[in-house]
Amino acid sequence: MTVEQISEFCVISLAKVLRVSKDRVETDAKFNRLGLDSAMVVYVMMELEEKLGLELSMDDFYDYPTVRELSRYLAEKHAKLSAA
Amino acid sequence: MQTFSSLVTLLAKRAETQPDDPAYLFLSDRGTEEAALTFRELYEAAQALAVRLARVARPGDRAILVFPPGLEFLVAFFGCQIARVVAVPMMVPRRQSARDASGGIMANCEPVVALTNPAFAIRGDLQARFAGEQLQWLSVDLTNLEPGRADLPLPDPQDIAFLQYTSGSTSDPKGVAVSHANLLANLEMIRVSLGTTQQSTYVNWVPLYHDMGLILNALEAFYVGALCVLMAPNAFMQRPLNWLRAIHHYRAEVACSPNFGFDLCVSRYRADQMQDVDLSSWTIALNGAEPVHAETIKRFSETFAHHGFDPGAVFPAYGMAEATLLIAGSQRGAGHVTHAVSRSGLQAHAVRTPLDEADVQTLVGCGRALINERIAIVEPEGSVRLPAGQVGEIWVSGPNVARSYWQNPSATKAGLNAAIAGEDDGTNWLRTGDLGFLDETGELFVTGRIKDLVIIRGINHYPQDIEHTAQSLHPALRQNCGAAFSVPDEQDEETLVIVQEIERTERNRIDLDEMAGLIREGVTGEHELFARHIVLIRPGTLPKTTSGKIQRSLTRRLWLERRLDELAARAD
């Protein structure tokens, strides 16, 4: 998957868990600023794990705290996995 | 069952009669066995710790327990009992949070010892947060167990075993002082209600600093001599199906959770991850610590029916720390009772027949009073007892009700030593602050709360703490002019709303979206809560009483009716 596809998937997942419309999830906004609590992080993490076939940790959300940063990181991780 | 004078005599008995039976197992996040303690090992490790404790603390002194999930907590808890030191379980503060309840608790209980594990002992932020003039840190290391013998005097039944700080706000924490007598009384009441034996394996993910995790699981299993398998709360949150797999693997009989945990299992259900999982051993699926939803029970029973889950195992219950833990519960195998009432009637605190389909609210019964206990429904203003079928405050009396809050005589008098008007039998009643009614058979239905309390995912939050966090974020957010409350969302789950006044002078200098983002971020950081709706209003428009008290329930109603004077159109 490309960075754009992963980013789009993150936004959909976040909009679902926050129960807001997609256009309200800015890709540069910090997860904290969006109000994501740890239970929500877990939910989004599970969706991403399932979609990408990767294992993630909650720390990834702290190390890459925006949709933009997280999806760039995930795209690299995903590419490595596919190449291996 | 034989009666005991304290947890210490019970522990000695277990170590003598079933020394090599496993008492506790701790599962890693991957589900493998990470640590184990037999009853003998538990007794010896606790005695060794008691000897160390007796060097630095006197009987009656307080020790805070600050542990990550694991078995060290249990050694510490029992070590305190042997040394007759009052245990104070603490929630581990998050690194990022600036302010939490720990400061208020430390000031109230004035501990002399802090117990922790080797990994936490080197965490500088914890030492700094709990810094006290006299506080000595002792570390409990399970990898280096030394057998010990402590020849110390036994606790008296009226001695305080531990303090449970689950009620009261950050600024005014209330520590329920639970005696050995209270604890043993409630453990016996729970045993009778659940019908458990030495063979009744428990699987628990609820944290041990939460009374549901500590008493209903860790101590109840120990009380009947059964194995208690523990997993980390976070491991459950991440992979809830692992909880069910552990129930299958250990052929567990008892597993408890607040309502949201059952919902979580349903929403994460994947048939391919649950092949061969058989839940037919599970005879007590206790649902408590937050409102029990009929819809949750139905969904869970349907989803797991083909894994052998018995709907009769569903065991709704009601309790609180002031009553040690359990107040009302079903009977083993009896299933649950539901009652369809009028939603609009309940809003006026009346039990009526629904007007039509849309007006139906299905209440789940939380069982009846336990043995040796009484539940009364009382009109809260005049303290008059109400008959069956009428909604009032739930009052409780029994040997499980604590006699006091630690160092807080006014809260003790109001909350634990209440009297029903016209009944001069000297009974001390606990006022729960919850509203409900009893039906003709004595089944208890909980319908709401008198006090403003936000309960989300089984955790109590005080609205004044959330409001204070919000108001400390920016000078435009007026002090003491906000209201936090919860409303049910589309899925009937409680969700947080914050209404906040904006200073007149700042109105044109600030960006409303920016303010809402600031509040959302601050509240998530401090309270682990998502503020779904942030409503900014004009100064002077928040409903208050003439004496200046914030009217949260009125604010809630006005918001639901869209009648608040909002500064911007609601964007949700």
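In this predicted model, 21 residues of chain A are in contact with 23 residues of chain B. Three residues stand out here: Arg19(A), Arg33(A) and Asp37(A) supply 32% of the area that chain A buries against chain B, more than any other three residues.

Now for the charges. Seven salt bridges are counted between chain A and chain B. One of them links Arg30(B) to Glu55(A), and their closest N and O atoms are 2.4 Å apart.

Which helices of chain A each supply at least two residues of the side that touches chain B? They are helix 2 (31-34), helix 3 (38-52) and helix 4 (58-63). Helix 3 of chain A gives the largest share of that side, with nine residues. Sort the side of chain A that touches chain B by class, and you get eleven nonpolar, three polar and seven charged residues.

Next up, the aromatic rings. Over all chains, the structure holds 21 aromatic pairs. A pair of aromatic rings is described by the distance of the centres and the angle of the planes.

| Pair | Centre to centre | Angle between planes | Type |
|---|---|---|---|
| Phe77(B) and Phe78(B) | 5.9 Å | 90° | edge-to-face |
| Phe262(B) and Phe300(B) | 5.2 Å | 90° | edge-to-face |

Why does the pair of Phe262(B) and Phe300(B) count as edge-to-face? Their planes are at 90°, and the label applies because that angle is over 60 degrees. This pair also does some tying together: Phe262(B) sits in helix 11 (residues 259-267) of chain B and Phe300(B) in helix 12 (residues 294-304) of chain B, so parts that are 38 residues apart in sequence get linked.

Phe262(B) counts as buried at 4%, and so does Phe300(B) at 3%.

Finally, Phe262(B) and Phe300(B) belong to one aromatic cluster whose members also include Trp205(B), Trp243(B), Tyr269(B) and Phe309(B).

Technical notes:
Residues are numbered from 1 along each chain as its sequence is written. Chains are lettered from A and ligands numbered from 1 in the order in which they are written. This is a predicted model: local features need pLDDT of at least 70, side-chain atom pairs count only at pLDDT 80 or more; totals for chains, interfaces and linings use all residues. Side-chain values use heavy atoms; hydrogens and water are left out. Contact means heavy atoms within 4.5 Å. Buried area is the accessible area (1.4 Å probe) that two parts lose on being put together, summed over both. A salt bridge is a side-chain nitrogen of Lys or Arg within 4 Å of a carboxyl oxygen of Asp or Glu. Helices (H or I, at least four residues) and strands (E, at least two) are DSSP runs, numbered from the N terminus. Ala, Val, Leu, Ile, Met, Phe, Trp, Tyr, Cys and Pro count as nonpolar, Asp, Glu, Lys and Arg as charged, and the others, Gly among them, as polar. Rings of Phe, Tyr and Trp (its six-membered ring) pair if their centres lie within 6.5 Å; planes under 30 degrees apart count as stacked, over 60 as edge-to-face and the rest as tilted. Buried means under 20% relative accessible area, exposed over 50%, partly exposed in between (1.4 Å probe, protein chains only).
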